[in-house]
Structure formats: structure tokens, C-alpha cells
Amino acid sequence: MKVCIVGASGKLGKYMVKHALDRDYEVAGVCRGQSVAKLDAFKGRITVIPGATNDSEVIRKAVAGCDGVLTVLVPWGVHGYSSGTAQAVLDHASPGARLVFSCGWHITLDGQDAYSRKFKWTVGAAGWLGRLLRAVDINDQVEACRRVFASDTRWTVVRGSDLEKGESQGLPVWSPHVGDPILKSNITRRVDFALFMVEALENDELIHEAPAIVGCRTPSAVAHAATVGPATDH
Ligand SMILES: NC(=O)c1ccc[n+]([C@@H]2O[C@H](COP(=O)([O-])OP(=O)(O)OC[C@H]3O[C@@H](n4cnc5c(N)ncnc54)[C@H](OP(=O)(O)O)[C@@H]3O)[C@@H](O)[C@H]2O)c1
């Protein structure tokens, strides 16, 4: 399997590179020119394509011949970075390729997520401050996901909870809707977020799903498993 990792030099991206190499996948990674050195640990084992992830030509070259594309969607700046990145992947990925995108719980597929007041306030405040400083545009990540959901590609949008450092605890569990009790702990190891993304490439049950994930050893996941059996999925 050949995979392209778009946003390979970030924290999530580097973990995804490692998981993909562990599976003997051939890996091409896209990252900004100034970040290429962040991938030195993988030198000789991956192909690095330097460039902005919303540059259509960069993505066209990077995804050529790939069976899967893992995309880190981040809403940097106020000029459509996230939607531009998603659009470039949707436009150029090979027909039939598995496309897996990352985002947070704030994205909703069907409007059936139940957010706490605190969560809504935090997202609202972060969005307002991000736009004020012209640093981040959360609405553009919403637009990016809208385009993915509307596409006729084989997509999965993985919605991360709050993230933390630390060793892997195993594959996160998931639910289609934020607000479900299994997700209550709202914390996932970043290394396991990456694991879920890479595993999704070969899990066709996740096609056209937007799984909201949480660490498999968190109290809410463990409590769920105790009531319904092993929590391997929602
Ligand atoms: N609490 C959380 O952080 C949280 C919670 C839920 C979900 N998520 C999701 O997790 C994913 C990212 O997580 P992460 O931990 O990997 O973040 P990260 O390490 O900050 O990396 C994000 C990506 O953004 C790029 N980047 C940074 N500054 C940029 C700029 N000014 N212009 C363009 N690109 C820039 C990085 O590339 P360089 O290496 O070139 O800097 C990297 O590819 C996103 O999909 C996010 O929605 C995060």
C-alpha cells in the first residue's frame, strides 16, 4: 500500500508516518519547506514533498499513485488553508483511494452531536480569538469538512477529542455522535489518534463515517466496555 501523509511534519503527522512505516507501507509526506528537517528521523524511508498543503500542484504530485491519503486538517490563517488542503486532496487523489482526514469534535456530520455548554463556549471563544488575531479560522475547517462530506470519494473524517502526550494505550474507541457516554472522558493520546487514522485506511466500515474518538483506557471507555462488552467500536 502506498500512502500520502499531508501535514507529515506536525505532531499527529509524524506519528502517522511511524505507524504507516510499521505496517511496511510506502510513504510520501507533504510538509512546508521550512519543516522538512522535522522529518529527518525518517530520512531514506519516506519521500518528502515540500510545499504548502493547500497548493494544488504540490498535492497532485504527492498523491499520485497512492492507495490512501491521510490529511491533517488545520485551519491556519484566514485564507482558506484548511478548505484549500481538503479540496486539493479531493481533486487529485486517485479514484477509489481511501481518504482519511483529521479534525476535532466541533465538526458535525449530521447535526446530531450534543455538545456541552462548556465545549460550545470554548469553541466559540477560540474561533473569535483566532479570527481577531487572523491566526486561525475554525469556520474554514468546517467548510473543508463540508466539502469532504459532499464528495463522492471514499472518505472518513476522524474527530479528535482533547489530546495528550504519552505512550500508546491502543486503538481509540469511537462513537458517531459527541455526547454519547462512551466519549465523556474527552481525552486521547495523540499517538493513538494517529493510530486510528492509519487503521481507518483498511477499515471499510469507516467509509462515510465521522467517528468521534476517545482513548480506549479512559474512564468513559472502560465504563462503556463494562456494560456492553469490549469497546472495539461504538
Ligand atoms: N487539542 C488539539 O490540539 C486537537 C484536538 C482535537 C483535534 N485536533 C486535530 O488534530 C490535528 C492536528 O494536530 P497536531 O497535534 O498534529 O498539530 P500540529 O503539530 O500543530 O500540526 C499541525 C499541522 O499544521 C502545520 N502548521 C503549523 N503552523 C502552520 C502555519 N502557520 N501555516 C501552515 N501550516 C502550519 C504543521 O506543519 P509544520 O510542521 O510545517 O509546522 C502541521 O502539519 C488537526 O486536525 C486538529 O483539528 C487537535
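**Strand and helix packing exercises**

Five bridges join strand 4 (residues 68–72) to strand 5, and the two run parallel; strands pair if DSSP finds at least two bridges between them. We're working with a predicted model, where local features need pLDDT of at least 70, side-chain atom pairs count only at pLDDT 80 or more, and totals for chains, interfaces and linings use all residues. Residues are numbered from 1 along each chain as its sequence is written.

**Exercise 1.** Describe how helix 3 packs on helix 5.

*Solution.* First, the geometry: helix 3 (residues 81–92) and helix 5 (residues 138–150) pack at about 20°, with axes 7 Å apart. Roughly parallel means under 35 degrees, and these two helices are therefore roughly parallel to each other. Then the contacts (C-beta atoms, placed from the backbone, within 7 Å): Tyr81, Ser82, Ser83, Thr85, Ala86, Gln87 and Leu90 of helix 3 meet Asp140, Gln141, Glu143, Ala144, Arg147 and Val148 of helix 5.

**Exercise 2.** Find the angle between helix 1 and helix 6, and some of the residues that meet.

*Solution.* Helix 1 (residues 11–22) and helix 6 (residues 190–200) pack at about 55°, their axes 8 Å apart. Among the residues that meet are Tyr15 and Met16 in helix 1, and Phe193 and Leu195 in helix 6.

How values were computed
Axes are lines fitted to C-alpha atoms, for helices over the stretch in contact, and angles run from 0 to 180 degrees between N-to-C directions. Helices (H or I, at least four residues) and strands (E, at least two) are DSSP runs, numbered from the N terminus. Angles under 35 degrees count as roughly parallel, over 145 as roughly antiparallel, 65 to 115 as roughly perpendicular and the rest as oblique. Two residues are in contact if their C-beta atoms, placed from the backbone, lie within 7 Å.
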